[in-house]
Amino acid sequence: MGGGYSIDKKWRIEGISWWPQEMPSQEEYENALINLEKVGNEVDYIITHTAPSESVYYLSTIRSLRIKGNVYQEQPLTTFLDEIQKKVNYNKWYFGHFHIDLELWRNQIALISTVRELETGNIVRQWDSYEE
């Protein structure tokens, strides 16, 4: 599930580097819940842009990461992802919104410059994010 709030959108260009529909609609939230219910709330992987609010808060406590944990515009989405985290059984959850590579708790993995094997989470390739 995509979605995340761009805190830097004032420096972006609509339709080129920023889109008004960056946050999920109510219909998208409902569709996600329906699809998860169809599979008994059990999936192998969850792939989202951002993370549940508990994980966002945790990341924000690691000062060296400089992640903002209080972006109120994103709270409906991260709170929704908390609900998913509580009701869905999953093996791995991958997200990339925070531009870091870090294994968290609850089998959640933040990605930016790492390719991981989907099932195991083992690193396949890792590079410096400034490398071409």
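Which residues of α2 are buried? In α2 (53-60), the buried ones are Ser55, Val56, Leu59 and Ser60, where buried means under 20% relative accessible area, exposed over 50% and partly exposed in between (1.4 Å probe, protein chains only). They sit on the same side of α2, because they cover an arc of only 140 degrees around the axis, going by the directions from the helix axis to the C-beta atoms.

A quick word on ground rules. This is a predicted model, so local features need pLDDT of at least 70 and side-chain atom pairs count only at pLDDT 80 or more, while totals for chains, interfaces and linings use all residues. Residues are numbered from 1 along each chain as its sequence is written, and side-chain values use heavy atoms, with hydrogens and water left out.

**Overall layout**
- The protein chain has three helices and six strands, taken as DSSP runs numbered from the N terminus (helices H or I, at least four residues; strands E, at least two).

**The core**
- The largest nonpolar core holds 22 residues, and Leu59, Ile84, Trp93, Phe95 and Phe98 touch the most other members. Such a core is a set of buried Ala, Val, Leu, Ile, Met, Phe, Trp, Tyr and Cys residues joined through side-chain atoms within 4.5 Å.
- Two or more residues each come from α1 (26-38), α2 (53-60), α3 (75-87) and β2 (92-95), with α3 giving the most, at four.
- Beyond its neighbours within four places in sequence, Phe98 is in contact (heavy atoms within 4.5 Å) with Thr50, Ala51, Val56, Leu59 and Ile67.
- The buried residues of α2 pack against α3, β2, β3 (102-103) and β4 (108-110).

**Strands around β2**
- β2 pairs with β1 in the parallel sense over four bridges; pairing takes at least two DSSP bridges between two strands.
- Within that pair, Tyr45 stands opposite Lys92, and Ile47 has Tyr94 as its bridge partner.
- β2 and β4 also run parallel, joined by three bridges, and here Tyr94 stands opposite Ile109.
- Lys92 and Tyr94 point one way from β2, Trp93 and Phe95 the other, and all are buried.
- β1 (residues 45-48) has a covered face, Ile46 and Thr48, and an uncovered one, Tyr45 and Ile47.
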